[in-house]
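Please keep the sequence and the structure in view while reading.

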Amino acid sequence: MDTTKTCKKCNETKGLNEFYKNSKNKDGHDTKCIECEKARVRELVLANPDYYKEKNRRWKSKNHERYLEYMTEWNANNFHKRAASRNRYRAKNYGVLSTVVEADLLHLIDVYGWKCMVCQTEENLSWDHINPMSKGGTDTPDNLQILCVNHNSQKGTKMIDHRPSLNVG
Ligand SMILES: [Zn+2]
Ligand SMILES: [Zn+2]
């Protein structure tokens, strides 16, 4: 079995582990490499900031009081600031790039809402690295997702991107 694959987008031949798993394809992997897929998602968000802001605004207004309550509580505990510095420390141990600061986390919350990307719960949430730092994943905004502790531990050290699908319009 082939252990490399040529990305349809950038035409680079890379290891299979540099492609997301996709059971729809014969070799069980995406046709685009992870780098290209990430770039695509980034572009979609950048091209449609209003779409995601609006989606999240609707969610916030529906859950307004609870949202404020949680945000106040978290800010009081410096939850995100602490998460950022904890990850920076871990990244150093793993020898991977770390750029995330508190403002990046707050920005991601603005785009996605502070809720589990799998079950939508608003309790016991955590920041998860899509490609775990222990496997060489970077501590950068494009590698972060929001998961409840249950879904975070279910995911473990697998690379699963739970970010909402960005099929716009
Ligand atoms: Zn590619
Ligand atoms: Zn969950």
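Asn 22 is partly exposed, since 13 other C-beta atoms lie within 10 Å of its own, and this should be read with the caution that the model is a predicted one. The residue sits in the loop that runs between E2 and helix H1, the latter covering 34–47. Once residues up to four places away in sequence are set aside, Asn 22 touches Gly 28, His 29 and Asp 30. Along the chain Asn 22 and His 162 are 140 residues apart, and their C-alpha atoms are separated by 13 Å.

Another loop residue, Asn 11, belongs to the loop between strand E1 (4–6) and strand E2 (13–15). Asn 11 counts as exposed because it has 9 C-beta neighbours inside 10 Å, the limit for that class being 12 or fewer. In Asn 11, a residue other than glycine, phi is positive, with a value near 65°. A positive phi, near 70°, is also found in Gln 120, which again is a residue other than glycine. Gln 120 lies in the loop between helix H5 (102–112) and E3, and it is exposed, with 10 other C-beta atoms within 10 Å.

Which residues of H4 are buried? They are His 80, Ala 84 and Ala 91, and, viewed down the axis of H4, the buried residues fall within an arc of 45°, so that they line one face of the helix. On the face of H4 that is turned away from the buried side are the exposed residues Arg 82, Arg 86, Tyr 89, Lys 92 and Asn 93. Just after H4 comes Gly 95, which takes a positive phi of about 70°.

The largest of them has six residues in all, namely Trp 114, Cys 116, Leu 125, Ile 146, Leu 147 and Cys 148, and its largest share, three residues, comes from strand E4, which covers residues 144–148. Cys 116, one of the members of this core, is in contact with Thr 121, Leu 125, Ile 146, Leu 147, Cys 148 and His 151, if its neighbours within four places in sequence are left aside. Apart from this core lies another one, of five residues, and among them are Ala 84, Val 100, Leu 105 and Leu 144.

Leaving aside neighbours within four places in sequence, Ile 130 is in contact with Gly 137, Asn 143, Gln 145, Met 159 and Asp 161. Gln 145 is also a contact of Arg 163, as is Met 117, with neighbours within four places in sequence again left aside. Arg 163 lies in the segment after helix H6 (149–155) and counts as partly exposed, because it has 16 C-beta neighbours inside 10 Å. The C-alpha atoms of Arg 163 and Tyr 112 are separated by 8.4 Å, although the two residues are 51 apart along the chain.

At the level of the whole chain, the domain assignment gives domain 1 (4–45), domain 2 (49–75) and domain 3 (79–155). The centres of domain 2 and domain 3, taken over C-alpha atoms, are 18 Å apart, and seven residues of domain 2 are in contact with eight residues of domain 3. On the side of domain 2 that touches domain 3, helix H2 (49–62) and helix H3 (64–76) each supply at least two residues, and the largest share, four residues, comes from H2. The residues of that side divide into four nonpolar, one polar and two charged.

How values were computed
Residues numbered from 1 in each chain as written. Chains lettered and ligands numbered in written order. Predicted model: local features only at pLDDT ≥ 70, side-chain atom pairs only at ≥ 80, totals over all residues. Domains from an automatic or database assignment. Contact = placed C-beta atoms within 7 Å. Nonpolar A, V, L, I, M, F, W, Y, C, P; charged D, E, K, R; others polar. Core = buried A, V, L, I, M, F, W, Y, C linked by C-beta atoms within 7 Å. Buried ≥ 20, exposed ≤ 12 C-beta atoms within 10 Å, placed from the backbone. Arc of directions from axis to C-beta.
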